[in-house]
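Me: I have a new structure open and would like to go through it step by step. Could we begin with the terms and then move to the details?

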Amino acid sequence: MLTDKQKTLIEKIGISYEKEGLQPVAARISGLLYVADNPHLTFDEITEALQISKSATSNGINLLLQMQRIEYITFSGDRRRYFRLKISNWREEFKHKIEVMAGFNSLMREVLAIRTKETPEYNERIKELADFLDYVFQQLPLLLQQWDKEKNNKI
């Protein structure tokens, strides 16, 4: 069902997602949904392709559904659910990551407000991180606008 190249890529994607904190099975399910020839797979197809237990498949799918990384569709006359990546919401996911970073940046500003003045070097590193995050937040919307503009010019 899967080629050796597909299997290798699933593992690479899985490892990448694991580094972001995703559980290994959920990470592999994501990888499978990226590289599988069919963009939507059933529960049994996922279980078989990854050679994992039904409970592991269920846990991974439920986590990905909860995180809104995948969704399911159905087809008339077919009782099965087909799972697919929610690639269409990449902007929302990207914006969510920015919001998480903004929350962290806010915390760093609070930390700076209460830090002892006796560690100026350490305090300066925290300030530099917060300043950089401020810069990133200013530039990201412009970057998205520029990307949209260039994308639309290619069409």
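Reply: Let us start with one term: a contact means heavy atoms within 4.5 Å. Please also keep in mind that this is a predicted model.

Me: Good. Which residues does Ile-98 touch, leaving out those up to four places away in sequence?

Reply: Ile-98 touches Phe-137 and Leu-140, when residues up to four places away in sequence are not counted. The C-alpha atoms of Ile-98 and Leu-140 are separated by 8.8 Å, although the two residues are 42 residues apart along the chain.

Me: And where does Ile-98 sit?

Reply: Ile-98 has its place in helix H5.

Me: Is Ile-98 buried or exposed?

Reply: Ile-98 counts as buried, because its relative accessibility is 18% and the cut-off for buried is under 20%.

Me: Staying with that helix, what about Arg-109?

Reply: Arg-109 is also placed in helix H5, which covers residues 90-114. With a relative accessible area of 30%, Arg-109 is partly exposed. Not counting residues up to four places away in sequence, Arg-109 touches Lys-127, Ala-130, Asp-131 and Asp-134.

Me: Let us change topic to the helix pairs. At what angle do H1 and H2 cross?

Reply: The axes of helix H1 (residues 4-19) and helix H2 (residues 24-35) cross at roughly 135° and come within 8 Å. That makes H1 oblique to H2. The crossing in which H1 passes H2 is right-handed.

Me: Which residues meet there?

Reply: From H1 the residues are Gln-6, Leu-9, Ile-10, Glu-11, Ile-13, Gly-14, Ile-15, Tyr-17 and Glu-18. They meet Pro-24, Ala-27, Arg-28, Ser-30, Gly-31, Leu-32, Tyr-34 and Val-35 of H2. By class, the contact of H1 with H2 has 10 nonpolar, 4 polar and 3 charged residues.

Me: How are H2 and H3 arranged?

Reply: The axes of H2 and H3 come within 11 Å and cross at roughly 105°. The two helices are therefore roughly perpendicular to each other. Their contact is made by Arg-28, Ile-29 and Leu-32 of H2 together with Ile-46, Ala-49 and Leu-50 of H3. It divides into 5 nonpolar, no polar and 1 charged residues.

Me: What about H3 and H4?

Reply: The axes of H3 and H4 come within 10 Å, at a crossing of roughly 115°. This crossing is right-handed. On the H3 side the contact involves Phe-43, Asp-44, Ile-46 and Thr-47, and on the H4 side Lys-54, Thr-57, Ser-58 and Ile-61. The classes are 3 nonpolar, 3 polar and 2 charged.

Me: What does Ile-70 touch?

Reply: Not counting residues up to four places away in sequence, Ile-70 touches Leu-33, Ile-61, Leu-64, Leu-65, Phe-83, Arg-84, Leu-85 and Lys-86.

Me: One last topic, the backbone. What is phi of Gln-51, and what is phi of Gln-68?

Reply: Phi of Gln-51 is near 55°, a positive value in a residue other than glycine. Phi of Gln-68 is near 60°, likewise positive in a residue other than glycine. Most residues other than glycine have a negative phi.

Me: Where are they found, Gln-51 and Gln-68?

Reply: Gln-51 is in the loop between H3 and H4, and is exposed, with a relative accessible area of 70%. Gln-68 is in the loop between H4 and strand E2 (70-75), and is partly exposed at 48%.

Notes. Residues numbered from 1 in each chain as written. Predicted model: local features only at pLDDT ≥ 70, side-chain atom pairs only at ≥ 80, totals over all residues. Heavy atoms only, no water. Axes fitted to C-alpha atoms, helices over the stretch in contact; angles between N-to-C directions. Helix = DSSP H or I, 4+ residues; strand = E, 2+ residues; numbered from the N terminus. Parallel < 35°, antiparallel > 145°, perpendicular 65-115°, else oblique. Left-handed = near helix turned anticlockwise from the far one by under 90°. Nonpolar A, V, L, I, M, F, W, Y, C, P; charged D, E, K, R; others polar. Buried < 20%, exposed > 50% of the residue type's maximum accessible area, 1.4 Å probe, protein only.
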